[in-house]
Amino acid sequence: MGDAESVGLMEKKYSRRSFIKGVIAVGATASSTGYLLGGPLALGAQSIPGATERLITLNVNGQDRRVDVLPNETLAMTLRYRLNLTGTKLGCDRGECGACTVLIDGVNQYGCSMLTHQVRGRAVTTIEGLENPDTGELSLVQQAVLEEGGFQCAFCAPGFIMSMEAMIKVNPSPTREEAAMALSGNLCRCCDYDKILTCAMRAAELARSV
Amino acid sequence: MADKLIGTDIAPPDLVAKITGRALYAEDFRPDGMVFAKMLLSPMPHCRVRSVDASRALAMEGVIDILRADEVPQREGPRESCLTDEPHYEGEPVLAIAAVTEEIAAAAIEAIDIDFEPLPFVLDPLETLRPGGPTAYSEGNLFGRAPGAEQGDPATFRDFKWTEADFVEIDGGRMPSNAEAVSEWSKGDIDAAFAGADLIVEEAIVHQSLTHHPMEPRTNMAYWENGKLYAHVSTQSTQRTKFAIAGAVGIDPEDVVMIAEYCGGGFGSKISGSTPMQIPAIFSRKINRPVMLRITRYEENYVGRARPGFQSWVRMGFQSDGKCTGVDLFIVEEGGAYGSGDNGTAGAIADLIYTPENMRFRAVSMYTNTPPKAAQRGPGGAQIVSMLEPLLAKAGHQLGIDRLEMRMINAPGPDVEFGPRGSTLTSVHAKEALEQGAELFDWAGKRELSGRREGSKLSGIGVALSPYTAGSRGRDGLMIIRPDGKLYVHQGIGNLGTHSVVDTALPAAEVLGLNWDQVEIVWGDSSRGMPYSTVQAGSQTTHAHTRANHAAATDAARKIRQIAAQSLGGSPGDYELDNGRVFRRGGGAGLSFAQVAERAIQMGGEYDGHTLPEDIHRETVPAAQILAGEGLMGVAKDNYGGEGSVYTFVAGFAHVEIDSDTGVVDIKEFVGVTDCGTVIHPRSLGAQLYGGCIQGMGMAMTQRWVFDPQYGVGFATRFYTARPPGFLDVPLNMKWAAVGIADPQSPVGAKGIGEPPVGAGAGALTAAIVDALGGTCLCRTPLTPDIILAELEGRESPFGKLDQHVG
């Protein structure tokens, strides 16, 4: 996923290795628990010793949001549990399924595999940010999915839709093979792939016509 | 019925919520004061808790309390509790901690000093059958009424073993001729069938176990308010889960508010919710705060259920014309920690798809120390189709008969009788599905691909027939026309992704002459009133609830006509319903449904639901009472009756290319055609058909559980180690169709679709691989590239013939 420039930028500051090391070091609680989350501030939560929350500003769906985050907190957790943007789903907690896909500066990325601190100063877009804020109109991708009746249980839908948003910008005239490749970082356990692909092709068609 | 809506693509009313992130799944709720629970999972496959010291954990800032096994309902025998001090599989929840954040709860779990006593364990059912082999429970490896026990005697544990002589045959690669079976049935004379057969095909076949891994793990949240339990559960079935959780927690079902508007897939693993749903329910009562139990993917692997594996021997006899005359099947099922019974259906379906006159079925299902098993889409059926269709292909190769012809000769017709009780079916159009599929696939044109080699690519084509139960009778429908003139169809069935929660309302709209935008679906919250419903399992829903909603809509239509006749004169039979109005046939006076609803409220009695039919289920009564007085009520039991079982058939066709350099199988093309009666909603039917077939491809190719035999712990615990099909694993070239002949015993004519596509996807693939390999059956699923490559290179298989849990 993602274009070279964006990935390069990220890797300069946070290599995959340092990311993993950071998570292991701070979330020393690992073994039986998978990835962890810091809870809502409203609960008066104290974090575990050694993990200090820091107040940062994030640009999410066009708005600056002030939020306290832990050093090891993933973007998906911040979105879901600090900002209450629950449209971003957690399917696997570690980059296997794509349910948590969001856009970072327009590029689709797994929210579970980025630290929130990595996205400071960058534009984060979630499924909640796709509709036109003034008119409530659905994005072209959402319109396409609605027309084609996409998705079954739809737990994967927000992630797929974010990948489609990124796809139509990079390649607005994909073949079905290219669209499948562009969406191959997202998993659908209902295996509604045929219909999802039809939605993606329709989304590209709509994008070309504007 | 006028077909204004049935058979057309309608807009599911929940789709906008699903694609904007507004759809709330269990993990998306945030009541005030909500805290997080985390479970301590057993690190061993079988052990006993010796001691627990939680003082360090409970002293941590932010930790609220601990929940132990002695605070939750425990049941005798091999029956699951939500927490246990004697875990019977690695990953079984032992205790839970609640804290203000999930992170603190997890840190507290790590701060618990717990000591386990390791106990003997067994992973492979054949190992527990061996004389002297270990047992999954300290008390034994089988649970039930002992042989010779009286009716009414309690079930007990016993140690069930086969003999040394049985294992001499097994270790020699043969079916144990005299091994004792726990379930057994036969028909005809199997020995005579084999004596007279022109060809006998005999194999030992392994089907490995695999997890369900729905996209949404079984996260649950609960709280109590005014003595009522508010349960947010990830579940396939809403109304039935209300009763399941009430029973598990020990409260009156009417004290449960079940909220489950969306479920991120279950595939049989969340039929009535799941065992972990008890933890937040009980914990929140203890600490008087809402409790969220977020299940991670890692935890889901353990508590999330799996399809049981089979180790089997089969012998099939054929006449020279390709007709199967005898099937001798022995299944050893891996029951996991809490047992499973897929083998019975597997035996019946083997009988149904090969229609042998002679059949012997024998099976044992053994407890093992692996995570619990449950129905997985097409339980028993999908495994056996995937295992036996390659044998039909092999027999076809040996007899020199086209595989489609073999499939047709052995397919059941409408008068089929099968299984231990000679079951009959309401409708069978399997041959039509095969014919239609062969045309769509261009079987005749593709026959030349069979076994063709081009460079490193070997081609093969395969066909499979997969039936499964697809209906049930006698549920209730409940709906109300409110003074806004709209029909509100109250659905107790869950919104599990199949669209049946929407699609089963179509017949009601049709009966009442409504357009789709005049219909609202009420679902996902038991406080809004839900009728007695089936579980969303066994593909029953579409059949059962198109009937129930048809019955309730017919009740509403009768009442509407009576109101019209009373208000406008004439007799009820003079009136027609269309477009939200009732009017006199041939023109003349009429009423809008809004007016009818007002009138019904004034008239009371049965019209607005103050008087209810006597034959509706007691579970429907409180639901109808919630709605009484709010409009014109349609409420009825499905009394349409019927004889025989309801089965849907799917014929699957696959074209594969095997790369002989890598062993990788590329699925080039797939066609699925179903006999599922009347098509209600084509787009959702197609999605179900493809989705099930692709799940079958994953089952046949990549997904399986792998365990370390020495320590009994799982290796393939995540998506990437037991990979379900992704975009690049499935053919872009897929086609589907439906035979579309109505089931004569339902007023709507529809049968279910969920289960049978899985076997069709898997079986067509495994049969196509036999075809590409020139008639050699590898007799194992999943068929990972290493297995295929070993065969192609003439090396010994990487696994023993009967090995389970390998990869």
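Predicted model: local features only at pLDDT ≥ 70, side-chain atom pairs only at ≥ 80, totals over all residues.
The model scores ipTM 0.97 and pTM 0.95. Chain B has a mean pLDDT of 97, and 100% of its residues reach 70 or more.

Five strands of chain B form an open sheet in the order 19-20-28-29-30. The pairing is mixed. Strand 19 (453–454) and strand 30 (734–738) stand at the edges. Each has a single partner strand, so one side of each is left without a neighbour in the sheet. Strand 29 (residues 665–675) and strand 30 of chain B run parallel and are joined by five bridges. B:F670 stands opposite B:M734, a residue of strand 30.

Helix 10 (residues 343–354) of chain B packs on this sheet. The helix touches strand 20 (457–469) and strand 28 (647–659) of chain B. Its direction makes about 110° with that of strand 20. Helix 13 of chain B lies across strand 20, strand 28, strand 29 and strand 30. Helix 13 runs at about 140° to strand 29 of chain B.

B:G437 belongs to helix 13, which spans residues 430–441 of chain B. The relative accessibility of B:G437 is 0%, so this glycine counts as buried. Beyond its neighbours within four places in sequence, B:G437 is in contact with B:F653, B:V671 and B:V673. B:G437 and B:A69 lie 368 residues apart in sequence, and their C-alpha atoms are 53 Å apart in space.

In chain A, helix 5 (residues 157–170) has 14 residues. It reaches 20 Å from its first C-alpha to its last, close to the 20 Å expected at 1.5 Å a residue. Of the 14 residues, 12 are buried, so helix 5 of chain A is largely enclosed by the rest of the structure. Among the buried residues are A:F160, A:M162, A:E165 and A:I168.

A search of the whole structure finds zero disulfides over all chains. Two cysteines illustrate the spacing. The sulfur of A:C112 has its closest cysteine sulfur in A:C100, at 3.7 Å. A:C112 counts as buried, at 3% relative accessibility. For B:C263, the closest cysteine sulfur is in A:C153, 7.0 Å away, and again too far for a bond. B:C263 is buried, with a relative accessible area of 2%.

How values were computed: Residues numbered from 1 in each chain as written. Chains lettered and ligands numbered in written order. Heavy atoms only, no water. pLDDT = per-residue confidence, 0-100. Helix = DSSP H or I, 4+ residues; strand = E, 2+ residues; numbered from the N terminus. Buried < 20%, exposed > 50% of the residue type's maximum accessible area, 1.4 Å probe, protein only. Contact = heavy atoms within 4.5 Å. Disulfide = S-S within 2.5 Å. Expected span 1.5 Å × (residues − 1). Pairing = 2+ DSSP bridges. Axes fitted to C-alpha atoms, helices over the stretch in contact; angles between N-to-C directions.
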